[in-house]
Amino acid sequence: MVYDKAPAAGPRSGRAGDGTASGLAEDRTFGRVLLDLDAAAGLLTVRGERVAAAELRRAPGAPAAEHVPVGTRDGAYLHLSVDGRPAHITPAKGRPIRRSHRVCVIYGGAVYRLLPDSPNGSRLVKDGRRIADFSSDGAGHVWADWHPDVAPPLPEDAAVGYALAAGFGTGAEPTWRLLLRALLDTVW
């Protein structure tokens with residue numbers, strides 16, 4: 001997969017360990033996309049000149065998990081809005097099975113799914129059709145590859161994709177590899 005790349009000089013805010021990070025993606029289709037993640041507060045914002053604004057927020061007082069950038073995979077504690085309009089978000093639990101890392105969103109009459117398909121990458125599917133591939137480093141930087149064989153993606157497609165990739169991360173190990181690692185850990 002070929003991803004648009006985040007510039008090496010992309011802004012990085014916050015102090016090490018304070019849970020804040022800013023990422024800047026240079027997207028061939030949408031230009032500059034700013035990603036501001038405050039993991040401690042459970043807040044992610046996505047914005048850009050050609051991208052719909054998105055905000056993914058963890059509810060105050062919700063238990064926070066360190067392995068999830070936005071802090072939780074429990075949909076009851078999450079609120080997603082795109083251009084100020086609410087979206088329904090349903091993340092799977094994130095268990096050892098790769099498909100348990102999927103995240104579903106219903107927004108503007110469309111159903112989006114971010115589905116891990118490799119250890120580092122995930123595909124964005126809209127109404128059953130793959131529209132992009134995403135990769136994230138877990139620290140606020142996200143790379144996107146929009147599929148040229150589908151209709152031009154919309155600004156809200158980009159907002160949802162970037163929000164999910166930055167808020168939940170991308171990729172997941174295959175089950176067989178996790179089981180093998182667990183087995184080896186018990187033997188050694």
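Predicted model: local features only at pLDDT ≥ 70, side-chain atom pairs only at ≥ 80, totals over all residues.
Let me begin at the end of helix H1, where the residue that follows is Gly169, with a positive phi near 85°. Helices here (H or I, at least four residues) and strands (E, at least two) are DSSP runs, numbered from the N terminus. Residues are numbered from 1 along each chain as its sequence is written, and side-chain values use heavy atoms, with hydrogens and water left out.

First, the overall picture. The protein chain contains 2 helices and 11 strands, and along the sequence their order is β-β-β-β-β-β-β-β-β-β-β-α-α. Of its 188 residues, 45% count as buried; by buried I mean under 20% relative accessible area, by exposed over 50%, and by partly exposed anything in between, with a 1.4 Å probe and protein chains only. The chain exposes about 9700 Å², of which carbon and sulfur atoms supply 56%. That area comes from the Shrake-Rupley method with a 1.4 Å probe, and for residues only the protein chains shown count as cover. Taking contact to mean heavy atoms within 4.5 Å, 40% of the contacts between residues at least 6 apart in sequence join residues at least 24 apart.

I return now to H1, which covers residues 155-168. How many of the 14 residues of H1 are buried? The count is 12, so the helix is largely enclosed by the rest of the structure. Among them are Asp157, Gly161, Tyr162, Leu164 and Phe168. The expected span of a helix is 1.5 Å times one less than its number of residues. For H1 that gives 20 Å, and the end C-alpha atoms are 20 Å apart, which agrees.

Next, the aromatic residues. Rings of Phe, Tyr and Trp (its six-membered ring) pair if their centres lie within 6.5 Å; planes under 30 degrees apart count as stacked, over 60 as edge-to-face and the rest as tilted. The structure holds 3 aromatic pairs. One of them joins Phe134 and Trp146 edge-to-face, at 5.7 Å centre to centre and with 85° between the planes. Phe134 lies in strand E10 and Trp146 in strand E11, so this pair ties together parts that are 12 residues apart in sequence. Phe134 and Trp146 are both buried. Phe134 also pairs edge-to-face with Tyr162, at 5.3 Å centre to centre and 85° between the planes. Because Tyr162 belongs to helix H1 and Phe134 to strand E10, that pair ties together parts 28 residues apart in sequence. Tyr162, like Phe134, is buried. Phe30, Phe134, Trp146 and Tyr162 form one aromatic cluster.

E10, residues 129-136, runs antiparallel to E11 and is joined to it by 5 bridges. Opposite Trp146 of E11 stands Ala132.

E7 (residues 103-107) pairs with E8 in the antiparallel sense over 5 bridges, and Val103 stands opposite Leu114. Their hairpin has 2 residues between the strands, and in it Gly108 takes a positive phi near 55°. E8 also pairs with E9 (residues 121-126), again antiparallel over 5 bridges, with Arg113 and Val125 as bridge partners. The hairpin from E8 to E9 passes through 4 residues. E8 itself, residues 110-116, is mostly covered, with 5 of its 7 residues buried.

Finally, the loop between strand E4 (51-58) and strand E5 (78-82), where Thr72 has its place. Is Thr72 buried or exposed? Thr72 is buried, with a relative accessible area of 8%. Its side chain reaches the backbone nitrogen of Asp74 at 3.0 Å. Beyond its neighbours within four places in sequence, Thr72 is in contact with Arg58, Pro63, Tyr77, Leu78 and Phe168; Phe168 is one of the buried residues of H1. Ala76 is found in that loop too, but is exposed, with a relative accessible area of 70%. Between Ala76 and Ala62, 14 residues apart in sequence, the C-alpha to C-alpha distance is 9.3 Å.

Technical notes. Polar contact = N/O pair within 3.5 Å; in protein donor to acceptor, adjacent residues only side chain to side chain. Pairing = 2+ DSSP bridges.
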